[in-house]
Amino acid sequence: MIVALSCQATGEEITSILGKIHAQGYKTRLIHGEMKNIVHVIGVTDRERLISSMESLPGVEQLIPIIQPFKLASRECHPENSIIKINETCIGGREIAIIAGPCAVESEASFIETAHLLKKAGVKFLRAGVFKPGTSPYTFQGLGEKGLETLTAVREETGLLIVTEVLSEVDVPLLSHYVDIFQVGSRNMHNIALLKTLGRFNKPVLLKRGFSATIEDWLMSAEYILSEGNPGVILCERGIRTFEKYTAYTLDLSSIPVIHQLSHLPVIVDPSHASGSWRYVEALSKAAVAADADGLLIVVHPDPANAVSHGTQSLKLDKFLDMMKNVRKIAEKMGRSL
Ligand code: PEP
Ligand code: MN
């Protein structure tokens, strides 16, 4: 952190400023300029406390952070891309990860059939919710623990890796036996207790962007997981709220290059929840891969008209297979595989 001192700062004021900084345990370097002096504060851990203790002190003109507030998530502190390993599979490497499946676990028979077809299409990660965080309490809330048995049956039969959403820190220990990747949904991106608990488990976390969160908010949430010791964070862009009404949310594709610049963490894209309509999923998937996304999360259902949740954004299996062929062409152009 740099503290710019005002031109009029007196010797006494400078001594008091340095004293305040040292009292918080930081080292300082006072740099004398031609017009004004600055103080370089070294080793800042609690930036907010430092800023609030300094900003109204006489002699202080401006406080300028020089390191990103999301240290562990930042590329500054970790220049190499993080590759998250899940069994024999990776997210964040050359291969684009495809996470596909219905919005929610429904009947076991149809889920197993869908899972086999997805596997045949090259999908390695199966997604489906058993705890559904609907915006409305009157929509389908998921099968709960009963759905976990179905997830296990499908995992055992197909060998697909399971991605499912966890709503509360209370459910983390139980779910950890059933999932390969925990999903934190958009509505829970700010759930600090959940993030901290997931940080203490040794399983990757797919962290969706809150639909009203800035990229910095999102990376700070990732920081909560990383700072508890879990390095396996996968970011998922799923669209943000804007004034646009023709899509459910607005897919912020610009977050992909921004995340790649700011952070070493992999970033995948969910065009299904972003657009809210199966019609736009292929175009947005191609755009996401062209923008260098590390993966896609696609909602697929064998019979969208009868899906209990999010039928309108669910791709039918045949459409999904066609889409995969077209997305693969873009992936190859990007020097990646799918
Ligand atoms: C989901 O993936 O099923 C979901 C609820 O997504 P989001 O949290 O992005 O709304
Ligand atoms: Mn959904």
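Student: What does Lys124 form a salt bridge with?
Tutor: Lys124 forms one with Glu95, and the closest N and O atoms are 2.8 Å apart. Lys124 sits in the loop between H3 and strand S8 (125-127) and Glu95 in the loop between strand S6 (89-91) and S7, so the pair ties together parts that are 29 residues apart in sequence. Keep in mind that this is a predicted model.

Student: Is Lys124 buried or partly exposed?
Tutor: Lys124 is partly exposed, at 34% relative accessible area. Glu95 is partly exposed as well, at 33%.

Student: How many salt bridges does the structure hold?
Tutor: Eleven. One of them joins the side chains of Asp270 and Lys208, with an N to O distance of 2.7 Å. Asp270 is in the loop between S13 and H9 and Lys208 is in strand S11 (residues 205-208), so this pair ties together parts 62 residues apart in sequence.

Student: And the accessibility of Asp270?
Tutor: Asp270 has 0% relative accessibility and counts as buried. Lys208 is buried too, at 4%. The cut-off for buried is under 20%.

Student: What about Lys286?
Tutor: Lys286 forms a salt bridge with Glu282, with the closest N and O atoms 3.2 Å apart. The two are four residues apart in helix H10, about one helical turn. Lys286 is partly exposed at 27%, and Glu282 is partly exposed at 23%.

Student: Which residues are linked in a network of salt bridges?
Tutor: Arg209, Glu237 and Asp252.

Student: Switching to the metal. Which are the protein donors of the manganese ion, ligand 2?
Tutor: Cys103 through SG, His273 through NE2 and His310 through ND1, lying 2.1 to 2.3 Å from the ion. Their spacing along the chain is C-x169-H-x36-H. Cys103 is in the loop between strand S7 (97-101) and helix H3 (108-120), while His273 is in helix H9 (residues 271-275), 170 residues away.

Student: Are those two buried or exposed?
Tutor: Cys103 is buried at 1% relative accessibility, and His273 is buried at 9%.

Student: Last one: what do the buried residues of H8 pack against?
Tutor: Helix H7 (215-227), strand S12 (233-237), strand S13 (267-269) and helix H10 (281-290). The buried residues of H8 (residues 255-262) are Ser255, Ile256, Ile259, His260 and Leu262.

How values were computed
Residues numbered from 1 in each chain as written. Chains lettered and ligands numbered in written order. Predicted model: local features only at pLDDT ≥ 70, side-chain atom pairs only at ≥ 80, totals over all residues. Heavy atoms only, no water. Buried < 20%, exposed > 50% of the residue type's maximum accessible area, 1.4 Å probe, protein only. Contact = heavy atoms within 4.5 Å. Donors = N, O, S within 2.8 Å, 3.2 Å for Na, K, Ca; no water. Salt bridge = Lys/Arg side-chain N within 4 Å of Asp/Glu carboxyl O.
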